[in-house]
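Notebook open, viewer running. I want to go through side-chain packing and charge pairs one spot at a time.

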Amino acid sequence: MKKKIIFSALALAGMFSLTGCSDFLDPANKSDLDSDTYFSEEKSFEELSTYPYYKLRSIYGDSPNLFCSGTDLYEKGRSNYASTQLSLYKDLNADNTDVMSFYKNCFDGIQQCNTVLYYGEGKEDGIYPKRCDEAKALRAFYYYLLSQQIGGVPVIDKYIANTETAYPRQSQDSVYKFVIKTLQEVETHNVLPMDDHTGRVSMRTVYNFLAKACLAYAWDFGTTSNEDGSNVQVTDKTYFNLAAQYADKAINGQTPTMTFSGMWDVANDNNNDVIFAIQYTKGLAGQDETIDGNHQQAQFGNYYNDADVTGSDAQTKYTTSQFPPSEKLIYLFEPGDDRFQGTFMVEQYSAYKVYYGEQAAKDTSTVAFYFPAWYEDLSNLSAYNKSSEKHKTTKVFSTSNPCVYVNATVNKRTGKITYKTGTQSYETSRTSTSQTLCVRKFDDYTTKRNLTKAVSFHDIVLAHLTETYLLGAEAYYMAGNEAKALQYVNVVRNRSHAESLTSFAAYKRHYSDGTANSYNNGAGIANVPFETGLNPLEVILDERARELCGEYYRWMDLRRTKKLIEYNVKYNSGVTSKDYFIGPDGKYRWFRPFPQGEINLNSALTNADQNPGYVTSETDE
């Protein structure tokens with residue numbers, strides 16, 4: 001679909017330097033233009049109104065360390081962890097550069113929103129009311145992100161036109177209330193369209209943001225638990241009910257219209273199932289297509305193969321070899337569920353793009369690697385090789401027992417092919433090039449091979465319909481309406497032809513117990529270990545894992561639902577005990593550290609503002 005937001009604000013970046021808190025919140029006019037005069041023109045104000053959108057790229061366009069590291073779904077990659085501190089917790093400290101960058105980028109975005117409001121509020125004609133409400137909604141979203149990662153932060157609701165650096169930290173409760181109040185004001189104003197598929201905030205975006213904020217608020221202030229997150233008790237359902245209501249408003253009576261793969265196809269950016277996405281447009285004047293895109297397609301797995309194609313004809317994509325799927329994630333996909341092949345590139349052709357090409361090209365191309373799902377029959381892996389001419393030399397890797405593979409060897413003199421089942425170490429199979437599943441969900445197959453990562457111009461989706469159904473499912477369950485929660489989970493499952501659940505208790509979570517019992521060796525999967533009778537919340541979290549794989553939710557999901565410590569100890573191979581989460585002050589680390597650099601620069605902050613788990617003897621001084 002045609003994209004309407006063209007980031008001419010790139011030009012503004014050089015004209016008006018708008019940064020964030022302390023040095024982050026000091027907008028310096030770097031030109032000889034008078035800002036009041038320049039932005040009094042509607043055309044210039046329209047350009048300004050795009051900048052809060054553009055700043056989202058700084059948070060989501062690079063590595064998703066804060067959103068995906070240290071969870072149950074992603075493992076150490078070929079090049080080690082994307083961030084050892086964020087993945088393993090025990091050495092995480094207040095000088096962490098990822099946290100500092102995130103904090104800075106959020107306040108950059110907040111300042112951009114406040115700038116739009118400064119020049120636009122009070123004008124009731126033309127584009128001004130809509131653009132101001134968009135800015136309010138985006139400002140609320142930036143604060144929501146801060147509330148999830150750091151907790152309480154300074155709340156700044158006005159344009160900063162001087163070098164003032166005294167902004168006291170507000171409580172997390174105050175931040176939540178500011179976010180919810182701001183979004184409710186936008187709802188009441190009701191000038192935004194219900195839908196928008198051009199990349200701007202719509203009312204459904206506002207409702208999705210409200211559902212997220214109310215759900216998080218309900219968990220943080222409407223439940224109690226032990227210090228490690230166990231024994232959760234609901235004490236107040238008010239905001240769970242509000243979250244459910246706002247999820248319903250965002251759903252707006254719609255059910256998914258796209259297949260899972262179709263919804264994520266780069267050719268279908270801004271489709272009807274997308275509620276809000278960060279826009280990327282290829283082909284703009286002055287654009288460098290090797291560095292001006294985003295990294296999302298390059299994150300979740302190891303290199304794609306292009307061993308048989310070299311030079312200008314090479315058709316693959318660069319990957320960082322980070323965030324390959326964990327064993328738990330692989331086992332969550334069920335027989336018949338379209339999302340396994342929709343999420344992963346199960347067949348990797350010698351040339352990566354052949355996968356997305358015409359059938360004729362596929363018929364004449366060889367498959368270099370094949371990754372059958374964990375539930376496929378492993379007793380005869382070589383059957384795949386014999387099923388088609390293009391499979392004759394394919395190397396087949398089991399995803400349930402990744403230490404087992406079939407290697408096809410071709411005798412160069414006779415042409416005879418020999419198939420040998422081999423074994424290798426678990427670490428090799430999970431982290432080596434082309435030997436583990438790679439997420440294809442975000443592929444921008446219009447890109448050419450390049451040794452830089454930011455080549456994808458696929459939009460980064462931040463809110464969509466099935467994600468909203470799962471927000472609603474969680475909210476309804478926590479509010480006490482289990483039947484409605486199950487209904488919403490089944491809407492998501494049905495879209496991908498997963499079997500409908502008759503009850504939450506009927507759900508089976510398969511897993512590996514480290515023995516041959518974990519594999520389908522010809523007898524089906526009836527004997528593969530599984531759990532039933534899971535808490536419905538765990539079922540919903542599993543559904544979020546399947547549906548939202550690779551999207552930037554998981555760390556916040558686990559923190560919100562108080563599963564962060566439990567799931568890391570159970571499923572993160574690098575975290576062996578709860579002690580990894582205990583800081584030098586003896587407190588559990590439920591948030592990221594408050595950036596020490598900001599404490600040093602902000603005269604209204606002291607070391608007493610540091611989050612629990614990060615207070616050291618130096619901090620106390």
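Leaving aside its neighbours within four places in sequence, which residues is glutamine 322 in contact with? I got Gly77, Ser79, Asn80, Tyr81, Ala82, Gln299, Phe300 and Gly301. A reminder to myself: this is a predicted model.

**Entry 1, glutamine 322.** I placed glutamine 322 in the loop between strand S5 (274-278) and helix H14 (327-332). Its relative accessibility is 10%, so I put glutamine 322 down as buried, the limit being under 20%. I also found its side chain reaching the backbone nitrogen of alanine 82, at 3.1 Å.

I went to the aromatic pairs next and counted 46 of them. Tyrosine 60 and tyrosine 552 make one that I call stacked, because the ring centres are 5.6 Å apart and the planes stand at 15°, where stacking needs under 30 degrees. This pair links distant parts of the chain: tyrosine 60 belongs to helix H5 (residues 56-60), while tyrosine 552 is in the loop between helix H20 (536-547) and helix H21 (554-560), 492 residues away. Both tyrosine 60 and tyrosine 552 are buried.

What else does tyrosine 60 touch, not counting residues up to four places away in sequence? Besides Tyr552, I listed Phe67, Phe141, Leu145, Ile278, Ile460 and Leu462.

In soluble globular proteins, nonpolar side chains tend to be buried together. I looked up the largest nonpolar core here and got 167 residues, with Tyr60, Tyr143, Leu145 and Leu146 touching the most other members. Helix H11 (residues 203-221) gives the most to this core, 13 residues.

I noted one aromatic cluster made of Tyr331, Phe333, Phe340, Phe344, Trp374 and Tyr375. Then I checked for lysines over rings. The charged end of lysine 328 sits over tyrosine 571, 4.1 Å from the ring centre. Lysine 362 lies over the face of tyrosine 355, with 5.4 Å to the ring centre.

Which residues of helix H22 (residues 564-571) are buried? I wrote down Leu564, Ile565, Tyr567 and Asn568. Their cover includes helix H7 (84-88), H14, strand S12 (509-510), H20 and H21.

I have glutamate 566 as partly exposed, because its relative accessibility is 29%.

My count came to 34 salt bridges. In one of them lysine 249 meets glutamate 187 at 2.8 Å, N to O. It joins distant parts of the chain, from helix H12 (residues 238-251) for lysine 249 to helix H10 (residues 172-189) for glutamate 187, 62 residues apart. Buried or exposed? Lysine 249 is partly exposed at 37% relative accessibility, whereas glutamate 187 is buried at 14%.

I then turned to glutamate 543, which forms a salt bridge with arginine 546, closest N and O atoms 2.8 Å apart. Both lie in helix H20, three residues apart, about one turn. With a relative accessible area of 0%, glutamate 543 is buried, and arginine 546 also counts as buried, at 0%.

Note on methods: Residues are numbered from 1 along each chain as its sequence is written. This is a predicted model: local features need pLDDT of at least 70, side-chain atom pairs count only at pLDDT 80 or more; totals for chains, interfaces and linings use all residues. Side-chain values use heavy atoms; hydrogens and water are left out. Rings of Phe, Tyr and Trp (its six-membered ring) pair if their centres lie within 6.5 Å; planes under 30 degrees apart count as stacked, over 60 as edge-to-face and the rest as tilted. Helices (H or I, at least four residues) and strands (E, at least two) are DSSP runs, numbered from the N terminus. Buried means under 20% relative accessible area, exposed over 50%, partly exposed in between (1.4 Å probe, protein chains only). A charge sits over a ring if NZ of Lys or CZ of Arg is within 6 Å of the ring centre and within 35 degrees of the ring normal. A nonpolar core is a set of buried Ala, Val, Leu, Ile, Met, Phe, Trp, Tyr and Cys residues joined through side-chain atoms within 4.5 Å. Contact means heavy atoms within 4.5 Å. A polar contact is a pair of N or O atoms within 3.5 Å; within protein, one must be able to donate a hydrogen and the other to accept it, and residues adjacent in sequence count only if both atoms are side-chain atoms. A salt bridge is a side-chain nitrogen of Lys or Arg within 4 Å of a carboxyl oxygen of Asp or Glu.
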